[in-house]
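Please read them with the coordinates open.

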Amino acid sequence: MRNLYGTTSHDPSGLELQNRALARAAAAEGFVLLKNEGGALPLQSKKIALYGMGARLTVKGGLGSGSVEERYSVNIEDGLKNAGYEITTGRWLDDYDREYRETYREYHDMVEEKIKGLTNPMEIIPLAHSFVYRFPSGRAITAEDAAQSGTDTAVYVLMRQAGEGNDRKLEKGDYYITDIERENLKTVAASYAHTILVINVGGHIDMAFLDEIEGIDAVVLFIQGGEEGGNALADVLSGKVNFSGKLADTIPLRYEDIPFGNEFSCLNGDLENEYYKEGIYVGYRYFDSFRKPVRYPFGFGLSYTSFQTETELAELAGTAVRLRVKVSNMGKCPGKEVVQVYLSAPQTGRSKEYQRLIAFAKTEEIRPGGTQTLELAFDLTDGASYDEASAAWVLDAGRYAVRVGNSSRDTAIAAAIDLPETVIVRRCRNCCGAADELPAFAPEAPAEWETPADVPVLQADPADFTTETVDYTEPAVTETAQEKEILDRLTTEEQAWFLQGGALQNPPPGTFDIHGAAGKTVTALLDKGIRNVVFSDGPAGVNIVNRVHALPTGGFAPADIPERYNWGALGAGMKARLANIPGPIVHRYATAWPVEMLLAQTWNTPLLREIGAAVGEEMCAFGITVWLAPGMNIHRNPLGGRTFEYYSEDPVLTGEMAAALTAGVQSHPGAGVSIKHFCCNNTEDNRNGISSNVSERALREIYLKGFEIAVRKSQPKTVMSSYNQLNHTYTANRHDLLTDILRCEWGFEGLVMTDWGSCGGTAAVPEQCAPAGNDLIMPGGDFDRKGVLEAIADGRLDAATVRRCACRVLRLMLDANVPVLLEDQEIEECEK
């Protein structure tokens, strides 16, 4: 029986309904309550005056590859209505809709003019998406609006959109609020007894206006809540669900407080180089080490109840530290709490951050008066810092402090650990070192701390530590009998087809094609009995066309045009092809999950594993083998265009969340992820050309650490190298990054692929990818094929390297959740 990879029923499937409920719960658990004064929340009135650009045009997720073609999405207005609230400001909202339609029409016409004459989709889509639409602020809110609303409670939704290909701007209408928004917030705050501000932004905005405008009683960080965001917000505003989200980033008092923030991306006029002058001092590691005041600290989040934590046990067994922490609900409603563990290292040897997150756990829901005991553990070697001079991970001698609390600014020392002599944890070799001179950036006087008299002082024995010495021998790929038999049938030139993606446009007959998916493996070997597998974009969900025709001939054709493709000649051509297509409609509605930044704010790794398993189930249902997610780049600066689709400023939180999501997806046989973008893709402006210039220590401790955790804990099937250069060499061409660190140091066993279009005349060199350890060039094209074949012919690319990379790609395909090897009859049909 033919597998349609979808359903012909228009009704939501059981899987859709199941995942909607999970998406709603996840969003509610990730929202952060930043402020709640005067009994503003939970809502007391059933009548709500709703204002702001995000009230109806609520942004569920960011722009670009991470978008999802879901069946429906619940905005904030509808979410409140669904919960039984009456919205009394329909006139203002209707006026806003009219202004939006007019301004968007002008924007759309402008973009169409800019792309006129282009026919190549790889040119049309990036250019169209490079023009950022700025939503209007709406008309002035008047005293008449407030009087006619008939309520004492207002909700104002401040919204911004961001996405792939562009960094955000340090200007009004983006990072700063507009003059109209400022005046409207003043009016609302003065006109209503209770004013709740909801921030619907894929990142952060300047919140200095909170110091200037009196009467904003509650602030909720919504981020981007996925398809169920509106319903989830109503759940927490009403008190049906308690807030339990905690910040995954520090929110500064002012943008100027961010170290070297005035040099980020386009701000200094240099889009060729991004200098990471702050070194290891990123996010709270900077603010806490330099003792800078912040608006809201890393890990902060309020609740409708209060908790008390008590460390009942702290013990050291060899190098393993174990904590037992009792959490008590001291308030009047159920809730969840996050226990955060930070480690402070002695300020000997290299300068170090004041503290780093080293473990965390979230409770289940605790009833009023109830308790839950959490067991937390970490290895003391996780507190090592990297010494560039000796190319080693080192634990310096001295006293370490183990801190337990619920934010980086609210901790207490629960134990101290004395290490009598310096220990080398791992001997490496220098990799990816900085080619530029970067400043020695550190506090003039490191923050000091004293050990309270009542906490245990644990004694670490240097003899319990072992020193790992990394073997940098090129990792071999041991072929299975099946892999060997297939590769032996192919010439080196034919094996080289595995090194690039399959045809996106006009794929040959017999290709396995899921429309809207980002790419596929080789399609040039169908006559050899090898069919491709399909990759889907992420990380907000499986990104494919949601309605297709099942053709009588056996293939599929799109029934709709995704909005992200509906531009210029590309959209016109797709419309022409859609006319009069025969065959029943097959529905492939994937879930639009809350964005990664919001998921990180849950601090709930079991929840992330559950979401990963749900994504994996959709992948298997829709014929997707690799989901191009999770995104793992560090939130170095709030203006980063793709902040929403990465987790956090902290590498441990990032790595643990990604590892959990990966484990969930890959619990389904044949389904895999691609952790990305490896590495230092921290800017979007000129991302294909810019060089991220960073010290080896900061690279290893901050920007690679999350990837390392995900690889070691969950062994993702693939890793995606990034567009950018790392210290003036493209990541796709760096052997020290993709082989020495990724494979030799961390033990990665899967394949590495490029980001889409990473290779080109002024970008990464295709024939240098395989020798570096980048197995697969995506999406693949004639330029890549030509470079690889020429290098094989003149000996720059040897047959053993080609075969090693080809085997990794073939292994992924043979292990896939869809059939790959064709029967003789199918091969004959492909040849015809």
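1. Basis. This is a predicted model, in which local features need pLDDT of at least 70, side-chain atom pairs count only at pLDDT 80 or more, and totals for chains, interfaces and linings use all residues. Residues are numbered from 1 along each chain as its sequence is written, and side-chain values use heavy atoms, with hydrogens and water left out.

2. Strands are DSSP runs (E, at least two residues), numbered from the N terminus, and helices are runs of H or I with at least four.

3. Two strands pair if DSSP finds at least two bridges between them. β24 (residues 547-550) pairs with β25 over 3 bridges, in the antiparallel sense. H549 has A557 in β25 as its bridge partner.

4. Strand β23. In a regular strand the side chains alternate between the two faces of the sheet. Which residues cover the two sides of β23 (residues 534-537)? V534 and S536 are buried on one side, F535 and D537 on the other. Buried means under 20% relative accessible area, exposed over 50%, and partly exposed in between (1.4 Å probe, protein chains only). β22 (residues 519-520) joins β23 through 2 bridges, antiparallel. β27 (residues 626-628) joins β23 through 3 bridges, parallel. F535 stands opposite G519 and also opposite V626 in β27.

5. Cavities. On a 1 Å grid over the protein atoms alone, a cavity is a set of points where a 1.4 Å probe fits but cannot get out; a pocket is an open set with protein on both sides within 12 Å along at least five of seven lines; lining residues have an atom within 4 Å of a point. Volume is the space filled by probe spheres set on the points, with grid points joined across faces, edges and corners. The count is 8 cavities of 30 Å³ or more.

6. Of its 47 lining residues, L63, Y104, F135, Q161 and E563 lie nearest the centre. α3 (90-114), α4 (121-130) and β4 (153-160) each give two or more residues to the lining. The largest share, 4 residues, comes from α3.

7. Cysteines. How many disulfides does a search of the whole structure find? It finds 0, taking a disulfide as a pair of cysteine sulfur atoms within 2.5 Å. For C266, the nearest cysteine sulfur is that of C680, 19 Å away. C266 is partly exposed, at 30% relative accessibility. For C769, the nearest is that of C759, 3.7 Å away. C769 is buried, with a relative accessible area of 1%.
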